[in-house]
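Thanks for asking me to walk you through this one. Please open the sequence and the structure side by side, and we can go through them together.

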Amino acid sequence: MAIRQIRVAGDPILHKVCKEVKDMTPKLQTLVEDMLDTMYEANGVGLAAPQVGILRRIAVVDIGDGPIVLVNPQIIEEEGEQTGDEACLSFPGKAGEVRRPNRVLVRAFDEEMTEYEIEGEELLARALCHEIEHLDGHMYMEHVIGEIHDAVMDEE
């Protein structure tokens with residue numbers, strides 16, 4: 001496993017739409033492992049493939065309950081609303097208040113390309129939405145209510 005360089009705001013790759021994963025190749029399996037290592041090393045709670053320079057629909061999330069691998073994720077339901085500070089490993093040291101659904105249901109594939117659904121509430125819902133947006137070339141700063149400010153925490 002390896003720690004990959006995290007791309008930061010201003011890098012054009014962060015604004016590109018990622019390609020769907022058709023097969024989990026050994027190269028993509030290594031990417032997933034490297035993304036988890038990179039996320040943990042950076043003290044983040046999520047990381048999407050474009051943040052390490054790869055335009056594939058892969059993201060990883062861990063809010064403290066163990067790693068979640070999301071391949072080709074899609075939000076299929078959302079409910080409620082929450083507003084809170086959000087930060088990003090690609091925008092280090094900054095945060096902003098963002099409105100997100102309070103609950104989401106996501107359909108994705110795991111690293112074995114087995115389809116599954118995951119329901120997230122509160123922080124997990126926020127993290128899932130945040131990472132899936134990265135796969136479509138968007139960043140949380142597009143949704144900030146008010147001003148972007150110095151981050152109190154340095155996690156995504």
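This is a predicted model: local features need pLDDT of at least 70, side-chain atom pairs count only at pLDDT 80 or more; totals for chains, interfaces and linings use all residues.

1. Five strands make up an open sheet, in the order β1-β2-β3-β6-β7, and their pairing is antiparallel. At its edges are β1 (46-48) and β7 (115-121), each of which pairs on one side only. On average, neighbouring strands of this sheet are turned by 35° against each other, direction ignored.

2. Now look at β6, residues 103-109, which has a partner on either side. With β7 it pairs in the antiparallel sense over 7 bridges, and with β3 the antiparallel pairing runs over 6 bridges. You can follow individual pairs too: V71 has F109 of β6 as its bridge partner, A108 is bridged to Y116 in β7, and L105 stands opposite E119 in β7. Strand β6 is mostly covered, with 5 of its 7 residues buried.

3. What joins β6 and β7? The two strands form a hairpin, with 5 residues between them. Have a look at M113 in that turn, where phi is positive at about 65°.

4. Helix α1 (residues 26-41) lies across β1, β2 (58-61) and β3 (68-79), and runs at about 35° to β2. Helix α2 (residues 123-135) also packs on the sheet, where it touches β1, β2, β3, β6 and β7. The direction of α2 makes about 125° with that of β7.

5. At 1.5 Å a residue, its 13 residues should span 18 Å, and the end C-alpha atoms are 19 Å apart, which agrees. Just after α2, G137 takes a positive phi of about 80°.

6. Finally, please zoom in on D34, which sits in helix α1. Is D34 buried or exposed? It counts as buried because its relative accessibility is 5%, and the cut-off for buried is under 20%. The side chain of D34 makes a polar contact with the side chain of R4, at 3.0 Å. Leaving aside residues up to four places away in sequence, D34 touches M1, A2 and R4.

Technical notes. Residues are numbered from 1 along each chain as its sequence is written. Side-chain values use heavy atoms; hydrogens and water are left out. Two strands pair if DSSP finds at least two bridges between them. Helices (H or I, at least four residues) and strands (E, at least two) are DSSP runs, numbered from the N terminus. Axes are lines fitted to C-alpha atoms, for helices over the stretch in contact, and angles run from 0 to 180 degrees between N-to-C directions. Contact means heavy atoms within 4.5 Å. Buried means under 20% relative accessible area, exposed over 50%, partly exposed in between (1.4 Å probe, protein chains only). A polar contact is a pair of N or O atoms within 3.5 Å; within protein, one must be able to donate a hydrogen and the other to accept it, and residues adjacent in sequence count only if both atoms are side-chain atoms. The expected span of a helix is 1.5 Å times one less than its number of residues.
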